[in-house]
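I opened this entry to record what I looked up, one topic at a time. Sequence and structure go first, then my notes.

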Amino acid sequence: MAKVLAICVSDKRQEPKRPVAEARFIEGKGIEGDSHFGFSTRHVSLLRYEDIKCAEEKAGFVFPPGSLAENLVIEGLLDEIPIGSRLKIGSDVVLLVIEKGKKPGEPHSYDYRGWCLLPEVGYFLEVVKGGIAKPGDEVVLEICTTD
């Protein structure tokens, strides 16, 4: 079972995000109170806990939740999440996986102690159904298949 370990927001872009006890996801906009709210179709950024742990081993130090500019840290997801798949968080929130990483040459202006993971292993999601989510919520992955 996958679960949310952290939900993080920031007041300003290009600043580290901070963990929150719960967050309101708004359809078509993102996370209420986050600096990226309503900014683009990339409403929410996601890092898998397993990718963060791997980077911590290489770096030799811990990445606190939000330090890599991620909105969500989720444990127990697949190594590769197919684009078009949906994540259901708790009883209400539904997010659509729209992109993995960033486009080649696209700038990424934030790093933590020289490390940034979103451009390579991060996922970007669109809020398709809003609601409240919090750390500890179960995450159900509905995989998109292209047959």
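I count two residues as in contact when heavy atoms of theirs lie within 4.5 Å. I also keep in mind that this model is predicted.

**Entry 1: Glu-80**

I began with one residue. Where does Glu-80 sit? I found Glu-80 in the loop between strand 6 (72-75) and strand 7 (86-89). Next I listed its contacts, leaving aside neighbours within four places in sequence. Glu-80 is in contact with Lys-100 and Tyr-123. I then checked the side chains. Those of Glu-80 and Lys-100 make a polar contact at 2.7 Å. I also looked up a distance between C-alpha atoms. For Glu-80 and Val-121 I got 9.0 Å, and these two are 41 residues apart along the chain.

**Entry 2: the whole chain**

How many helices and strands does the chain have? I noted 2 helices and 11 strands. Along the sequence, I read the pattern β-β-β-β-β-α-β-β-β-α-β-β-β. The chain has 147 residues, and 41% of them count as buried. For the accessible surface I wrote down about 7,600 Å². Carbon and sulfur atoms hold 50% of that surface. Residues 24 or more positions apart account for 71% of them.

I traced an open sheet of 3 strands, in the order 4-3-10, with antiparallel pairing. Which strands are at the edges? They are strand 4 (30-31) and strand 10 (131-133), and each pairs on one side only. Strand 3 (residues 23-26) and strand 4 run antiparallel, joined by 2 bridges. In this pair, Ile-26 stands opposite Gly-30 of strand 4.

**Entry 3: nonpolar cores**

I looked up the largest nonpolar core and found 23 residues in it. Which residues have the most contacts inside it? They are Phe-25, Leu-46, Leu-72, Ile-74 and Leu-95. Several elements give two or more residues to this core, among them strand 3, strand 5 (44-48), strand 6 and strand 8 (93-100). Strand 1 gives the most, with 4 residues.

Conventions:
Residues numbered from 1 in each chain as written. Predicted model: local features only at pLDDT ≥ 70, side-chain atom pairs only at ≥ 80, totals over all residues. Heavy atoms only, no water. Pairing = 2+ DSSP bridges. Polar contact = N/O pair within 3.5 Å; in protein donor to acceptor, adjacent residues only side chain to side chain. Buried < 20%, exposed > 50% of the residue type's maximum accessible area, 1.4 Å probe, protein only. Areas by Shrake-Rupley, 256 points an atom, 1.4 Å probe, with all protein chains shown as cover. Core = buried A, V, L, I, M, F, W, Y, C linked by side-chain atoms within 4.5 Å.
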